[in-house]
There are 2 protein chains.
Amino acid sequence: MSAYPAKHHFAKAAANLGASAGAIFVRGGETIVHPDSDTEYDFHQDSNFYYLSGIAEPGFAAAYDIATGTAILFVRHVSADEAVWIGVPPALEDYRRSHGFDEAHYVHDVGAVLDALKPTVVYMLPHHAADQLSTALELAVDRAQLLPAVHEARVFKDDAEIEIMRKANRISSDAHLELMKQIRGKMNEAEVRGRFVGMVLAGGCSYEAYGSIAAGGRNAAVLHYTANNQPLASDDEMILVDAGGTYQCYASDITRTWPIGPAFTPECRAIYQIVLDMQLAVLAACAPHRQWEDMHQLASRVAAEGLLRLGILKGDLDGIMANYVVGYFMPHGIGHLIGIDTHDVGGYPQGGERINRPGVRYLRARREMLPRMAFTVEPGLYFVDAILADAKADPAVAPFIDFDKVAAYRKVGGVRVEDNIVITESGHDNLTTCPKSIADIEAIRSAALRV
Amino acid sequence: MSAYPAKHHFAKAAANLGASAGAIFVRGGETIVHPDSDTEYDFHQDSNFYYLSGIAEPGFAAAYDIATGTAILFVRHVSADEAVWIGVPPALEDYRRSHGFDEAHYVHDVGAVLDALKPTVVYMLPHHAADQLSTALELAVDRAQLLPAVHEARVFKDDAEIEIMRKANRISSDAHLELMKQIRGKMNEAEVRGRFVGMVLAGGCSYEAYGSIAAGGRNAAVLHYTANNQPLASDDEMILVDAGGTYQCYASDITRTWPIGPAFTPECRAIYQIVLDMQLAVLAACAPHRQWEDMHQLASRVAAEGLLRLGILKGDLDGIMANYVVGYFMPHGIGHLIGIDTHDVGGYPQGGERINRPGVRYLRARREMLPRMAFTVEPGLYFVDAILADAKADPAVAPFIDFDKVAAYRKVGGVRVEDNIVITESGHDNLTTCPKSIADIEAIRSAALRV
């Protein structure tokens, strides 16, 4: 296994800082314990620290001398007594080599090592404490510039990161496919989520990238449904599964929606096909130098056309688009940057502002697509009672909606289809591999339910 | 489903306070978000708050008027906008009834409701903030007395708690049994832990009660081994699985150790039988009015006898016991209280002190066993190089150990067998149901591996 590219990631951050001298100093996360208890939360490394160091354990720190390009790792010291309980850790030199640093010391030497560098400025992250720094260095701390510099470095994935994200997607896609094969009507949503988590952990993921959603029937109309505790009531319903595993600290974020029975009902099929068309249109359009917010508009237009065909919308397409009518059916953005964080950093650089209109106001990124950016593409259509009541009450929007038709499709609940892609020089690379066409899904479900 | 016994649990805590007036005021936990990210940690309710309220969601609070026995719930207010994302929550009255409170209000009414009670003293937990309390009430806060009163209430489980713990144990025991049936050599430890987690979540548990241990071969000699990322190398080795699910906020904590092949090797069998004998002896002795630390001594004596028979120990039994020689092979306590927390509260009441000798210094409880106390019974024997080096260097201990024999058994790694019990009027009720006899385990493994 090649070493973690710590020096390369520090160098990218330093280049974004535009500084030719000074030191970067970052701290890793610490274990968090439940209040009045010795039970620990699952450890999740500070994302910026992981990016720079590749260290997934608690209690580390790292520094980078910008002028010389020297990367320095500070390793948590494990006492002999502690080693009896947690095992003998790797030696300093092993850590140094496996993570691609120039030097490795123990964390209790942070003060001395940084003092010896005599940096004119110490770039730190806003949420990191200056403990252990000498008074002179503490006075030289700059907490403003490093965060955007690291964020911008994280936006552009290098080849090794893309391969890790591909692996996270492969493990999670395989688990989605297995669910399509294993799940039966009357099972509980908890069974769906539990099996998913079990499979991604067994496949080598560290944890769920986010609170999984396993929403049967109308529960899919609750956008952040995480109760996951109701039985799958009817073969005429669908289940929406939004779940991804984190592999080597990189998230995957995948949604599939499929029938609990062997086939989609006509209403479910019609809505599903529109959502899939939205996704395929956006995927075909993803390429360098296009604007991410235009992808949201493209998905909205395809949705408007589809909902017009079904008669759920009425009137002229331009009026529907001008009044953001689709936002009442897709109240979230078309997707977001993804990487170490599920909702990854860098979506709104240089003071970019959100557009305050239905649906698009939740768009988590507004910038030009460029090679090596990773996005989710996740169109959806939902029948949310409260949102549709708002639409009915809005005289600019209500005339475009046939509420009798809405009532006929309400049982569909919601549909979302979500893949993870990386922008390439010529278009995109889709990391997500589980089936999504109606034909494939029905073949898998009907074969599974025949057994 | 009957209501949560919130009033009963508040009354138990109030009785332990010995107060006839004043109010108890407790806060529930809040969601914790990763630094510089919107990813949330899995929510875990504050254990004392859960005990009193039965509320497993973030953002709640509760109060109890001691003189009148009035229990008051403060419910998190969910706005209409928020409800679109997380669903429409139950009404105040639904919360009140399902949790057995006399009144329910929203959390923004904490100040007004507590002021109206005009309590002479407000009993709070040390780690809870006094925000929202009027200056008068803030001056009346007592942070010293409530914590031990709630802890002592939590030590004695009522029937409903015991049934929940039985269910946690049943789900987790079933998962342990399934692992014995499903796991094959060459699989990775991650597969073992992943399948376990998947099964307990699918069975209705909320999360792992603690960081699971799936330790193959020599990894079982690392007492808190949680890396869980090595392949199961050889059929001649065992795997130690220490894992339990949390059901309705109550933990289970179960360990089984079994061969990767169809049968134990002679060395593994010999050590396993001693550990099982230790556990059976302690279980037979568990009854009201006996001292928990005597159970540790009993297990040590059975271990000493067994290790003498194998020739790993030598010399006289009394000398072995007087010099705590077994502590070098079982460097942890015989067990701990269990309940909402895995290592539950109340183990050292009234200033009880730890005994600073090998093994027993880690005993997490020193008190008289009484009905309705729940304990783990978890003897183990391990061959930890660093600890055995300490033994060799100690002239009081080394003469009792045959280090050539130790070398012959080193490959065993470690064995632990752990059940969860509740003390009854006449003895104990074992909540753990998965097999542990050598005959049962070999029958399961050999049948599984024939498939």
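## Exercises on the interface of chains A and B

**Exercise 1.** Determine how many residue pairs are in polar contact across the interface of chain A and chain B.

*Solution.* The model is predicted, local features need pLDDT of at least 70, side-chain atom pairs count only at pLDDT 80 or more, and totals for interfaces use all residues. Residues are numbered from 1 along each chain, chains are lettered from A, and side-chain values use heavy atoms.

**Exercise 2.** State which helix of chain A supplies the largest share of the side that touches chain B.

*Solution.* Among the helices (DSSP runs of H or I, at least four residues) that each supply at least two residues are H3 (80-86) and H9 (189-202) of chain A. The largest share, nine residues, comes from H9(A).

**Exercise 3.** Identify the side chains that meet in a salt bridge at 3.4 Å, N to O.

*Solution.* They belong to A:Arg364 and B:Asp38; a salt bridge is a side-chain nitrogen of Lys or Arg within 4 Å of a carboxyl oxygen of Asp or Glu. Across the interface, the rule finds two salt bridges.

**Exercise 4.** Find how chain A can be laid on chain B.

*Solution.* A turn of 180° with a shift of 0.0 Å along the axis gives an RMSD of 0.0 Å, superposed by least squares on C-alpha atoms with pLDDT of at least 70 in both copies. That is the relation of a two-fold axis. In chain A, the C-alpha of A:Gly198 is nearest the axis, 1.8 Å from it.

Definitions and conventions
A polar contact is a pair of N or O atoms within 3.5 Å; within protein, one must be able to donate a hydrogen and the other to accept it, and residues adjacent in sequence count only if both atoms are side-chain atoms.
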